[in-house]
Each structure stands twice: as structure tokens, then as C-alpha cells.
Amino acid sequence: MPVAKRTPARPAKSKAEIARTKLAKLGLRTDMDLVLHLPMRYEDETQVVPIAEAGFMAGAPAQVEGVVTQCDVQYRPRRQLVVTIADDSGPLVMRFLNFYGSQLKQLEAGTRIRARGEVRHGFFGAEMVHPAYKVVNEGAPLPQSLTPVYPAGEGLSQAYLRTAIANAMSRVDWRDTLPPAILQSLRLEPFDGAVRLLHNPPPAVSEAALMDRSHPAWIRMKFDELLAQQLSLKRAQAARRARGATALPAVGRLSREFLAQLPFSLTGAQQRVLEEIREDLRQSWPMQRLLQGDVGSGKTVVAALAAAQAIDSGCQAALMAPTEILAEQHFRKIAQWMAPLGVRVAWLTGSLKKKEKESAQALIESGEAQLVIGTHALIQEGVEFGRLGLVIVDEQHRFGVGQRLALRNKGLEQVAQTVPHQLMMSATPIPRTLAMTYYADLEVSVIDELPPGRTPIVTRTIDQNRREEVIERVHAAALEGRQAYWVCPLIEESEALQLQTATDTHAALAEALPDLRVGLVHGRMKPAEKQMVMEAFIRGDTHVLVATTVIEVGVDVPNASLMVIEHAERFGLSQLHQLRGRVGRGSAASICLLLYQAPLGPIAKQRLMTMRETTDGFEIARRDLDIRGPGEFLGARQSGQAMLRFADLETDQWLVEKARDIARQLLRDDPATVDAHLARWLGGREEFLKV
């Protein structure tokens with residue numbers, strides 16, 4: 001019988017390799033990465049107080065030193081290690097609910113201990129629960145600086161990080177990457193002095209200034225970080241321009257006829273941003289423009305006119321939306337405008353049957369389809385464009401960096417090394433500071449004016465207990481010939497969240513309103529079913545549409561004037577604003593009712609108060625940034641993008657402005673400084689800035 005060969009066992013990883021892997025998970029791969037891994041807080045271990053005095057510092061951290069007088073394991077009320085230490089002023093109990101057997105030996109009677117923690121008064125007097133401690137010799141010197149506490153991952157102790165960072169600091173090149181003239185003009189601290197102080201601050205330094213990051217050493221770190229980001233984004237923008245794009249200069253027959261047949265005139269803001277886009281499309285480098293506009297400001301018609309310019313210039317245009325419902329809304333509206341003018345509009349989504357998909361792909365590849373509208377299906381394998389000149393991405397923050405890159409690369413001409421122009425749209429207005437920081441590589445156009453005739457939406461918050469009154473309000477609106485949305489956050493029951501579900505709500509409303517037609521739409525329905533339900537609502541056959549957030553963007557039914565949002569406290573501000581924007585699209589007065597479940601937490605209160613106080617998307621975005629911070633606010637754009645670690649966009653706006661100005665100056669005059677600064681702060685990791 002043949003003997004099976006044994007696969008040789010992999011050699012066990014050394015401790016150093018394991019530590020390197022753990023450091024890499026924190027993004028710490030080089031010595032400079034370690035040096036720039038700055039403390040999140042500090043502990044003052046520079047002084048010891050007598051145990052009796054620590055007893056009067058209840059609730060505040062204190063450091064004491066004493067000799068162990070007793071150490072044993074107790075079992076009431078649960079297994080715990082109880083250690084008593086004492087100095088000349090009295091005893092203190094250290095209590096450990098989780099401990100190792102080795103600690104019994106380490107903390108045996110007669111051992112001198114230095115312990116730090118919060119003092120509280122227990123049954124047996126002053127005690128510390130799970131204090132930080134170390135074994136010391138009598139007369140052991142105290143640290144001369146505050147002790148840094150670093151962000152750490154699993155299995156990385158503070159002691160290990162402190163040693164690793166200290167070793168790295170002995171090896172790095174400390175030369176300043178910024179010229180003396182810039183340091184002087186901005187009154188910035190030298191790099192080496194700032195970093196060394198933050199790792200080892202002397203006791204005289206204001207701990208408050210360190211903690212709120214207002215100390216000059218922190219200002220230097222924040223400026224350097226913001227400057228690296230600005231330089232990197234601007235350089236990525238320059239690299240894109242160097243690749244080139246097909247110029248789309250023609251504003252011809254299609255563009256003129258399109259404008260002439262519109263049943264409305266463009267607003268001043270729409271005309272302004274259209275000119276900005278047209279000017280970009282005439283260039284032989286790729287446009288990279290973000291079109292921002294509040295809900296209902298008319299971004300779609302501007303995008304359609306940009307597509308018309310691409311088609312007039314002999315190229316194809318593609319529009320990608322994040323959901324089928326939104327993509328279909330665009331398809332219906334734009335095809336209605338374009339088809340009578342002789343434009344072939346193709347429709348491509350994942351739900352198409354195989355034959356329909358193959359037919360659409362053939363039209364796209366041949367170039368016969370001049371405008372292509374769809375979902376993520378546009379970036380799938382097998383979809384090739386004949387001559388793609390313009391890519392439009394709606395609700396761009398919902399797509400990851402890789403998805404937008406994939407669509408842009410569909411138009412990559414390998415021989416000419418050109419890429420299509422790119423227009424990204426967002427109905428989530430981005431505060432100016434955020435746009436300057438995270439979108440510094442983009443040109444930004446803003447439609448800051450709503451079309452005439454839009455009625456303001458009144459917003460009310462209502463306790464869930466008054467649900468019957470809300471149902472009556474819906475009934476009254478339907479009898480007046482109006483339609484209503486009723487939005488629920490979940491499709492299926494979740495005991496943990498105890499939220500009303502869309503299916504239950506639909507059944508309950510159908511029973512409570514027997515004389516009305518109540519529809520239901522959610523994300524798990526088949527596309528054909530969804531389409532039937534939406535068409536019935538658009539025609540006015542359905543009085544009330546119960547829905548999940550699939551109707552958040554793009555749905556345009558002018559006769560719908562009442563929006564009810566169930567468990568509004570569970571939604572983010574941006575989502576609430578988007579949902580509210582589904583009404584107020586006709587001439588009738590519109591109302592948005594936010595049903596909430598009491599009691600409300602502080603953040604939910606802030607959100608609902610903001611919704612009551614303003615309908616201005618830019619003000620809502622500003623407050624949303626305050627509540628959530630930039631990480632969550634940016635959504636999928638952060639896919640692959642390093643977020644700011646030190647700068648705070650709320651308090652450091654003045655630094656963003658200065659970093660932007662200095663970045664322009666350095667890119668123009670001092671490429672060597674740019675290289676050195678980016679090498680220090682990004683270490684060559686700039687791939688996240690390519691889209």
C-alpha cells in the first residue's frame with residue numbers, strides 16, 4: 001500500500017514576524033509610519049501620591065506606590081484576585097476580576113508595586129479595579145514626561161508599541177520636508193521637535209492642549225497631513241490630465257433641439273453649471289467634475305445636455321445609477337426627451353433576460369446605442385463600448401472607487417491612452433471644507449437654485465402613539481386627490497430593533513383604509529414586480545405607496561404631496577432629506593411627517609430638530625457633518641481612501657485653506673519638496689486617489 005506523502009509543515013512564524021503582521025494591520029510598515037503613529041491620550045506617571053491622599057481623589061486617576069501585604073483569590077461574589085498594598089499613610093485594595101495564575105506569584109507579599117487607576121470607595125475602604133501596575137524597586141525613578149497611550153490592535157501591548165516607536169525614532173531621517181520660509185510664514189514648529197514632544201511631552205506641557213490638539217506640535221502634524229492630502233490629490237489630477245481625452249466640442253443640432261423642446265426654461269444656476277461642463281468637455285484632457293445640487297434642483301437635465309454634447313461630437317455617453325429604480329427613472333425621463341430627436345438609448349441592468357442583455361451589448365459595442373443608461377451591469381465583463389466619450393455617475397458616493405474606475409476604463413483607448421470625461425452627480429450637498437479636502441482633485445459645480453413653482457415642504461415630528469391621526473391625514477389627502485408615500489426602514493421583522501416592517505405596515509394600512517388602493521415596493525421584489533407597482537403609482541392608480549428606502553432617490557411623482565417616514569429616528573439626516581425630496585414636486589402644498597419612537601437619544605433628537613428647522617440641503621449637510629464626522633459622511637468614496645487621522649474639519653478649516661494654497665505653490669515651484677513630503681506622509685501609497 002503506497003504511503004501518502006506528508007505535506008511539510010510550514011515553519012512557525014517568529015515573534016518578530018507575528019509582531020510585524022500585527023503592526024501592518026494598523027498600517028505601520030515603515031519606521032516613519034511608526035514615528036507618525038501619534039498618541040491618542042496621555043497618562044501622568046510623573047508623580048506618586050500617598051495612598052491616604054489618593055483616597056480623596058475618588059473618580060480621578062492617581063498613581064500610588066506601596067508594598068504588597070496580602071494577595072489571595074476570593075470567590076464571593078465571583079472569582080477575583082484581591083491584592084492589598086500599603087505605604088506609610090495606609091492600605092489600598094487592588095481588585096482584578098480577570099487575571100492570570102502567574103499574577104499570584106508576581107504580586108506575592110513583600111513585592112513593591114506602583115499602581116495607577118481610578119480610586120473608588122468599596123466595602124473595605126479605598127480600592128482600584130483593574131489598575132495598571134508594575135513591579136518596581138524602592139527609589140525607582142519616575143518618568144520625566146507624560147506616558148503616551150497609542151491606538152493599538154489586538155495583541156499589541158502599549159509597552160511593545162512604545163519600544164517599537166522609540167527604536168524607529170532612532171533610525172528615521174528627521175530633516176524637515178518644508179522649506180524654512182514656509183515654516184516661518186505659517187509660524188509652524190520644526191517637524192522633529194513637534195513629533196518628539198508629542199511622543200514624550202514634559203510634565204509642564206498643558207495636558208488640555210495636547211488632548212484637544214490645539215498645541216503647536218499638533219498644529220504642525222495636522223498641517224503636514226492636510227498638505228500631503230492636497231498635494232496627492234492635485235498630483236493625481238495632473239496625472240489624469242496628462243493621459244488625455246477626446247475633445248467633445250460640438251454643441252450642435254441635438255443640443256439645440258433638446259433645449260428647444262423642453263417644457264421649461266433652465267434656471268440661472270443650471271445655465272451656469274452647464275457652461276462650466278461644456279467648457280470642460282471641449283478640452284483634450286478628461287473632465288473630472290462633481291455636480292452638486294439639492295433634491296429637485298434639476299441635475300438630470302444638465303446631465304442629459306452634457307450627454308447631448310458628447311453625442312453631437314460623435315461619441316457615446318453612459319449614465320450609471322446605483323439602483324434599478326433610479327436607473328429606470330433616468331431612462332424613462334431622458335429617453336422621453338432624446339428618442340423623438342433620433343437618439344438611440346440603450347437600457348442595461350442585471351435583471352434583463354439573456355437575449356435582451358446580448359442585444360443591448362451588441363448595440364453598445366457597435367456604437368449604435370449613443371446613450372447607455374443602467375446600473376452596475378455597465379461595468380460587467382462583456383460590456384464593451386464603441387466610442388465612449390462621457391461617463392455620468394449618479395449618486396456617486398454610493399459607488400466604490402473601483403466601480404467608478406471600471407466604468408471609466410470601459411472607454412480607455414489603449415493606443416491613444418485617452419479616457420472618457422467623467423461627470424459625477426450628488427444630491428447630498430458636500431460642505432465646502434469637505435469638498436476642498438476630499439474632492440480637491442475635482443472641479444465642483446453647484447446648482448444652488450430650485451426651479452420656480454416648487455412648493456416648500458412642511459415637516460412635522462409625531463410620536464408613534466399618534467399613528468391613528470397620521471392614518472387619518474393620509475386618508476384625507478387621498479380624498480382630495482393627492483398621493484402619499486409611507487416609508488419603513490426594514491423588510492423583515494427584527495426583534496432586536498423592534499421596527500415596523502414594510503410588509504406589516506402594508507397589511508395594516510390596507511385594512512385601515514379599505515376604500516384606498518395601497519401598494520408595496522421593496523428591494524427584494526423582482527424588477528418586473530417593482531416596475532408594475534411604480535407604474536401604478538405614477539399613473540395615480542395607487543393612493544398610498546408603502547416602501548423601503550428603494551424610493552430614496554430619483555422617484556418623481558408630482559401628485560405625491562404627503563410623505564410619512566416610520567421610525568424616523570433610525571435614519572441618517574441625508575437619507576431623511578432625500579426621502580422628503582420625493583414630495584414637493586408639484587404645485588400642491590406638501591407635508592413630511594416624521595414618526596418616531598420615544599425616548600429619543602441625543603443624536604436622533606438633533607437629526608429630527610434639523611429636519612424640522614430647515615429644508616436647505618447645504619445646511620443639512622453641514623449639520624450632518626457635525627454629527628457624523630467626515631468618515632461616514634463620505635460613504636463609499638472612502639473605499640480605499642485614507643481618512644484624516646489628525647486634522648478635524650470642524651475646527652481646522654483655516655488649516656485646510658492654508659494647506660491648499662501652499663500645495664499650489666509647491667507643485668508650481670518646488671517638485672523636490674513635494675516628493676519628499678509625500679514620501680514621508682504617504683510612503684508612495686497614493687493609489688486611493690486615482691478616481
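Strand β4 (residues 90-96) and strand β7 (residues 125-129) pair in the parallel sense, joined over 3 bridges; helices (H or I, at least four residues) and strands (E, at least two) are DSSP runs numbered from the N terminus, and two strands pair if DSSP finds at least two bridges between them. Within this pair, Val 93 stands opposite Glu 127 of β7. Strand β6 (residues 120-122) also pairs with β7, in the antiparallel sense and over 3 bridges. Here Gly 122 has Gly 125 of β7 as its bridge partner, and β6 and β7 form a hairpin with 2 residues between them.

The model is a predicted one, in which local features need pLDDT of at least 70 and side-chain atom pairs count only at pLDDT 80 or more, while totals for chains, interfaces and linings use all residues. Residues are numbered from 1 along each chain as its sequence is written, and side-chain values use heavy atoms, with hydrogens and water left out.

Helix α19 has 13 residues and reaches 18 Å from its first C-alpha to its last, close to the 18 Å expected at 1.5 Å a residue; the expected span is 1.5 Å times one less than the number of residues. Lys 530, Val 533, Met 534, Ala 536 and Phe 537 of α19 are buried, where buried means under 20% relative accessible area, exposed over 50%, and partly exposed in between (1.4 Å probe, protein chains only). On the other side of α19, Ala 528, Met 532 and Arg 539 are exposed. Just after the helix, Gly 540 takes a positive phi of about 95 degrees.

His 543 sits in the loop between α19 (527-539) and β20 (544-547). This histidine counts as buried because its relative accessibility is 16%. Leaving aside residues up to four places away in sequence, His 543 touches several residues, including Ala 478, Leu 516 and Phe 537 (contact means heavy atoms within 4.5 Å).
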